Amino acid sequence: MEVTRRGFLKVSGAALVSGGLGVSLKPVAAHAQPLKIQYAKETTTICPYCSVGCGIIVSTRGGKVVNTEGDPDHPISQGSLCSKGGSIYQLSVNKGRLDKPLYRAPYATEWKEVSLEWALDEIARRIKDSRDKSFTEFNEKGQKVNRTNGIASIGSAAMDNEECYIYQKFLRSLGLVYIEHQARI
Amino acid sequence: MTNHWIDIQFSDCILAMGSNPASNHPISFKYIQKAMEKGATLVNVDPRFTQTSSRAHLYAPLRSGTDIAFLGGMIKYILDNNLYNEKYVKFYSNAPFLVNPAFRLPGENDGVFSGLNGTKYDKSTWSFQKGADGVILKDPTLQDPNCVFQLLRKQYDRYTPELVSKITGTPVDKLLQVYKTYAATGQKGKAGTILYAMGWTQHTVGVQNIRAMSIIQTLLANMGVAGGGVNALRGESNVQGSTDYALLFHILPGYLRAPLASLPSLKDYIEKSTPATTEPKSLNWWKNYSKYITSLLRAFYGMNATPEEAYDLLPRLEDGKNYSWLSLFDAMYKGEFTGFFSWGQNPACSGASSNKTRQAMAKLDWMVNVNIFDSETGSFWKGPGMDPAKIKTEVFMLPCSASIEKEGSITNSGRWMQWRYKAVNSPGEATPDGELISELFLKVRDLYEKEGGPLKEAVTKLTWDYGPKDAFGRVTHLDVHAIAKEINGYFLEDKEINGVLYKKGSLVPSFALLQDDGSTSSGNWLYCNSYTEKGNMAARRSRKDTTPIGIYPEWAWSWPVNRRIIYNGASVDPETGQPWDTEHPVILWDGAKWTGDVPDGVAAPGAGRPPFIMKPDGVASIFGPGLADGPFPEHYEPLECPIDKNLLSPQFINPTIRRFDVGGTELDLRATCDPRFPFVCSTYRVSEHWQTGLMTRWCSWLAEMQPSMFVEMSEELAKLKGIGNGDAVTVRSVRGEVDAVAIVTARFKPFDINGQTIHQVGIPWHYGWVTTAMRKYSHDDKKPEVFTFGDSANLLTPFIGDPNTMIPESKAFMVNVDRKGVK
């Protein structure tokens with residue numbers, strides 16, 4: 001049986017009340033349903049929202065996230081999470097997630113679904129064309145500048161360190177100088 | 001943060017100013033409460049009575065944009081009442097340094113420092129006096145009228161409680177209570193901490209807000225100690241890391257400078273970038289600059305180029321030109337770019353003056369937007385006021401993986417680098433950002449190898465050894481561990497250092513061993529020591545801690561070299577080496593070495609080495625001549641403000657800001673002291689949403705709790721405008737308007753500013769016109785019960801930034817509020 005969020009709240013609310021009265025739950029009630037993380041695989045992660053860096057345990061079963069909750073071993077958060085950190089289950093189990101590359105042609109009024117391979121090929125072509133067209137090897141003073149003036153990039157503090165590192169390495173190899181992200185705002 | 005989250009519990013007084021940790025960093029409050037349980041005082045200064053205020057012992061309101069006046073008054077209070085740690089100030093700061101006698105303070109120079117020329121300072125008088133040997137002259141008694149300490153006293157003598165109160169709107173008795181409470185942390189053994197966030201950075205005096213507090217922390221000996229420090233509560237899970245990795249125009253990884261056009265060779269660059277000192281006992285850590293840049297160039301181009309050749313391939317900035325966010329979107333609006341990446345970011349809602357940002361994207365030929373949900377940025381061409389049939393921009397929207405769908409590390413605000421693991425596959429074709437970046441790079445490299453192009457070697461010679469390769473040398477599966485190791489760095493040849501042989505191909509144990517002869521690589525010297533022959537330090541999960549200050553040295557890893565409290569050399573007495581706070585020592589001398597945290601810059605007790613080793617002279621800069629707008633903080637009004645003069649001086653606003661509204665585009669508008677926009681407005685956040693709401697608006701549990709844009713206002717203002725709680729209203733600035741629900745509360749109170757009643761309102765910035773209602777539904781979908789509505793607060797914010805950082809002034813601008821349909 002799937003425990004809905006509201007149902008879960010009701011159950012925990014009831015447990016809290018009986019606990020407060022000093023009445024223990026009957027064993028039959030405690031065993032009425034298996035734990036939702038039974039047979040699940042646990043993976044640790046760090047919350048993707050603010051910068052406190054709270055620990056979260058993600059439970060997966062059959063390749064699906066079945067539960068996310070605070071990591072009690074984490075020395076900062078010690079199992080606690082805020083409303084956002086407590087909801088990262090919904091970042092994975094979410095019908096709104098983008099799952100196909102989309103392309104919008106010039107002057108088009110709609111998105112078109114495209115394959116990732118096609119999109120990356122097209123983007124690579126445009127990067128090269130824009131770079132080649134705008135590449136400036138020397139400025140007006142004759143100083144070497146090696147700049148691609150026609151492309152700008154922003155992002156991202158939402159990426160991992162290793163991703164940030166290869167992203168800036170890539171952009172700098174292209175000659176971009178307009179490289180910015182969230183830290184500036 | 002100089003310190004870290006757990007450390008807050010050792011504070012005796014916590015000042016939350018320019019931040020609202022209870023709402024925006026909720027788990028940090030665990031440690032604020034722990035400190036309070038042990039007797040600490042929580043002081044909160046904010047224009048609005050927030051959730052943090054509700055738990056504070058002392059709350060003081062202030063008008064947005066007047067923090068320097070408030071803090072300048074505190075500096076005066078500390079000096080007038082002799083509440084500073086005299087030894088700390090003498091030994092650990094530049095207070096005794098003698099300044100050029102020609103230097104003038106704003107109080108004697110029409111509100112500006114000496115040397116103002118148009119919008120730029122000639123800093124020649126912002127210098128120190130030097131003896132014949134080149135060493136800076138000092139007065140250890142702090143009495144010389146030209147010494148930094150006496151200039152500090154003179155500068156803030158003007159900031160009397162009465163005048164400060166007229167500017168800030170904070171009642172005098174509240175000001176004095178805050179000053180007295182916080183200044184008490186200057187006693188030996190006491191620690192005070194500052195928790196600040198965007199409430200301080202998003203101003204045209206943002207850097208000077210933080211400078212003012214840094215001066216206070218230095219006077220009170222709060223730097224380097226447990227429960228102290230200057231602590232920026234950063235807003236994103238990895239914004240510390242993405243800054244360390246230099247996704248910013250002006251730096252390379254590890255805070256190395258971006259090369260300039262005027263520095264043609266690596267030698268020129270190193271000479272210009274390496275600071276020198278004449279202070280005999282200063283360690284001047286940046287003297288190692290050449291080792292870090294050389295190792296970085298090796299990480300970029302490996303053995304495919306010598307470090308000199310690799311430098312020759314790097315892009316150079318035009319000297320004096322700014323390429324930061326506002327300049328970038330200004331250039332985009334003027335049609336300077338054909339291509340644009342918006343990678344994991346939503347500028348259509350997060351950029352100041354968002355109308356300009358949105359219009360700017362319509363000037364592009366192509367753009368790439370990478371994210372996990374649809375956004376106002378990717379879909380800008382069909383947003384409000386846009387006619388897709390007239391917008392040429394091609395848009396590629398690539399779906400990426402969420403954090404739990406990939407492996408890698410992130411760095412929190414306390415500099416802890418923590419490893420995350422992949423728990424589950426991504427939906428459909430959603431792909432980790434790293435793999436998208438790698439695929440794009442390899443495709444571009446293929447094109448350059450096949451077709452050639454200008455300076456193609458910059459691309460084709462770049463090393464990309466991040467996993468197994470196919471017959472064409474392309475990485476087939478991105479191995480993030482290989483990247484993490486490149487970041488740490490390798491020995492590229494056998495190298496003997498201090499009698500120890502390090503084998504070619506082994507990982508460098510620490511940045512102290514990086515070389516400038518090309519024999520080592522490191523993609524970010526600050527992270528050298530994070531992935532060594534002992535393994536992946538960020539993945540450690542031991543809770544072992546033998547210190548009394550909760551540093552958990554074997555949990556994850558902290559930069560630099562696993563040091564948990566930076567500047568900790570200042571936590572001990574310079575002469576005896578005894579900790580100022582014997583109950584919570586950060587480092588302890590056992591007779592032969594320091595124990596506790598990894599010691600920072602400190603030599604044996606009494607050796608006289610000044611501990612702020614990242615500063616050339618080794619001391620904290622009470623006088624800071626490096627900034628664009630003055631060596632001391634000075635109060636100026638925000639670009640848009642409700643009063644027509646600066647009560648402190650004839651200089652109204654910061655004279656050094658780059659004014660886009662003067663000679664700028666038709667969208668760069670300003671309305672100050674304008675009866676059409678009479679109310680001060682500030683933006684803020686709620687616990688349930690994050691940033692532009694791009695992630696959280698799609699999560700129904702969160703959307704249900706905070707479904708819509710609102711504007712919070714006082715009961716007095718609501719009465720004045722005939723607005724009821726819950727009414728639909730429109731908030732307008734000269735740049736745009738946004739609909740909102742009115743929340744009428746006692747949390748805002750009108751300010752008395754120099755006898756004038758000034759109202760302030762507040763708006764969250766988490767909303768945008770894309771909502772879950774717009775997603776595609778399939779037949780088995782359950783419709784989400786709630787949709788968010790509203791648009792971005794940044795439609796109203798001004799296009800203006802701090803002169804040092806160019807961070808926009810989103811926290812103080814002028815608006816009007818009316819019931820919807822009323823104008």
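In chain A, residues 24 or more positions apart account for 33% of the contacts with a separation of 6 or more. A contact means heavy atoms within 4.5 Å. The structure is a predicted model, in which local features need pLDDT of at least 70, side-chain atom pairs count only at pLDDT 80 or more, and totals for chains, interfaces and linings use all residues. Residues are numbered from 1 along each chain as its sequence is written, chains are lettered from A and ligands numbered from 1 in the order in which they are written, and side-chain values use heavy atoms, with hydrogens and water left out.

Chain A holds 5 helices and 9 strands. Helices (H or I, at least four residues) and strands (E, at least two) are DSSP runs, numbered from the N terminus. Their order from the N terminus is α-α-β-β-β-α-β-β-α-β-β-β-α-β. Of the 185 residues in chain A, 55% are buried. Buried means under 20% relative accessible area, exposed over 50%, and partly exposed in between (1.4 Å probe, protein chains only).

The average pLDDT of chain A is 88, and 83% of its residues score at least 70. Over residues 1-21 of chain A, however, the pLDDT is below 50, and this stretch has 8 contacts in the model beyond near neighbours in sequence. The pLDDT is the predictor's confidence in each residue, from 0 to 100. Where pLDDT is low, the predicted coordinates should not be read in detail.

In chain B, the domain assignment, which is automatic or from a database, gives domain 1 (250-318 + 490-527) and domain 2 (679-819). The centres of domain 1 and domain 2 of chain B, taken over C-alpha atoms, are 46 Å apart.

Helix α8 of chain B spans residues 172-183. Its buried residues include B:L175, B:V178, B:Y179, B:Y182 and B:A183. These lie on the same side of α8(B), because they cover an arc of only 115° around the axis. The arc is that of the directions from the helix axis to the C-beta atoms.

Chain B also has an open sheet of 3 strands, ordered β13-β14-β19, with antiparallel pairing. Its edge strands, β13 (408-411) and β19 (557-558), each pair on one side only. Two strands pair if DSSP finds at least two bridges between them. β13(B) and β14(B) (residues 416-420) share 4 bridges. B:G408 stands opposite B:R420 in β14(B).

B:G320 sits in the loop between α14 (307-313) and α15 (325-333) of chain B. This glycine counts as exposed, at 83% relative accessibility.

Notes. Expected span 1.5 Å × (residues − 1).
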